[in-house]
Amino acid sequence: MDSGSERSEKRSLPHNRLVEREQLDVAAELDSDAPLDPVLAETIRRKIDWHLMPLMCIMYLMAFADKTTLGQSAVLGIIQGTHLTQNQFNWLGTIFYLSYFAFEYPQNFALQRLPVGKWMSVNIFIWSVALLTHAACTSFGGLFAVRFILGMCEGAITPGFMIVTSMFYTRAEQNKRVGYWFLMNGFAIIFLGFVSFGVLHSKTHKFMPWQWLMTITGILTLITSILFWFFFPDSPTTAYFLTVEERIAAVKRIKVNQAGVENKQWKREQFIEALCDPKVWIMAIFAAQCRQFRMCHSGQKPRRYRKNLTEFIFNPQLTNQRQLIINQFGFTPIQTTLLGCVDGVMEIVTIFIGVTLAGHSSIGRGYASVIMYIPALLGAILVNSLPSHNKIGLLFSYWISIFVFTPFVILLGWMGVIISGHTKKTTANAIVLCGYAVGNAAGPFMWKKQYQPRNHIPWAIIAACIFTCALLALSLRFLLQKENRQRDLTSQQTSDSDHDEVYMSQTLMDGTIVEKRVDRAFLDITDIQNREFRYAL
């Protein structure tokens, strides 16, 4: 029987389907049945690491540093230089996250429809211009506008990084890669502290220290955006640093994820599924509570600004203002500035420990999150219970509480391996990161002036929220574990033949049109539709 007859016979079978290429994952055309050489796979992973991770780490460092420049500028003269009131200064922090919230889904929609690397590059470029424009602002209105633009652009960065990580890396690799680029937040705290210390001693009277800070960070971010445009790939199927054979192998490498690479067509059924999926909302609540922690560590009501810097103004909506807590323990401003850098070191160390634990199959993401919450809870209790004169004990207790940031990093890596279907994934990212924005906006409201300087009530709330988040992490893990067990049982009794025999038309080099079977990993179906999908715990 000739090949044409064979294809006709296949098409006549009840579950064989010929699907338009637009409905499938972009990697479907590159996939083949040939076995993957383990040596080649390892070589490709190293190439991906060398070309992606440096740019991702630098970009995340600059993104975190940029959005926290306002808090640093408070001690560098921005209040006086732009004639702000305390209420106006607070609104500059609030508008960032309101803008972030408003544009989060549009940004995720754009990340699906447009080339991911190029879209992030455009947003980073606009971000850098807005940051540079800060230095020219002389009033609340100008600063309000540029902070709004920063929040809008921020909505593309974290979800874009999550999508890229899931495109290029296997499920086992994603956890640590997310940890690597996220722990750059710690380096950003250290970097920004030293830059602020340097510009504080500048002698240009017509160009204030806060303007130097905005200019320096803006220029660095502008350079990063240009590097991103030319050197950051949009997908493993088009990555410039991979040969055609290596792109095929890169696609084979991630087939184990059962999540494909990407699909540019928006699918209504996947959007609705994301809205109705309970695990998405568990993660959104988890993210909102985690961001409240960061704001709790950051936020205090603004205090009166003095030129000698014996008191600080800190915007309660920003994430780099944890120095005020240390300052209120009884340390001098200079001591506070230097000790604040330890925050960054602690964040780097705790994130590395957390993602390492999460990478062990015997522990997993859920249990690793709970383990990280144990020292965080201990730190929160000690900060709340130690006497005020024991400032060293309070300082170390506060540093221990920094473990609380790590579970959110674990969650970002977890999302990429428990959600599939590209529309569903971008929608879930938007929902969870909207929770992130809500947490950032809501957290500061529990820090009131009457609670200072020890803030017993806020720290008690933190302890209660840590316990709640630990329960959420366990609930998510048990929900996924239960679903995995049900799928293991049903897979022995039934077969999902509708997803086994799917074909696409493919034109060979000689012009012949053939029908190529598509692996279900590249059908762009969701984790619920794909009964072979197993959730990482």
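I took a cavity to be a set of points, on a 1 Å grid over the protein atoms alone, where a 1.4 Å probe fits but cannot get out, with lining residues having an atom within 4 Å of a point. Grid points are joined across faces, edges and corners, and a volume is the space filled by probe spheres set on the points. I noted that this is a predicted model, in which local features need pLDDT of at least 70 and side-chain atom pairs count only at pLDDT 80 or more, while totals for chains, interfaces and linings use all residues. Residues are numbered from 1 along each chain as its sequence is written, and side-chain values use heavy atoms, without hydrogens and water.

Entry one, the count: I found 4 cavities of 30 Å³ or more.

Because domain 1 (35–258) and domain 2 (267–292 + 314–492) both give residues to the lining, the largest cavity lies between them; the domain bounds come from an automatic or database assignment.

Entry three, the second largest cavity: I read a volume of about 70 Å³, and H8 supplies the largest share of the lining, 4 residues. This cavity also lies between domain 1 and domain 2, since both give residues to its lining.

Notes
On a 1 Å grid over the protein atoms alone, a cavity is a set of points where a 1.4 Å probe fits but cannot get out, and a pocket is an open set with protein on both sides within 12 Å along at least five of seven lines; lining residues have an atom within 4 Å of a point. Helices (H or I, at least four residues) and strands (E, at least two) are DSSP runs, numbered from the N terminus.
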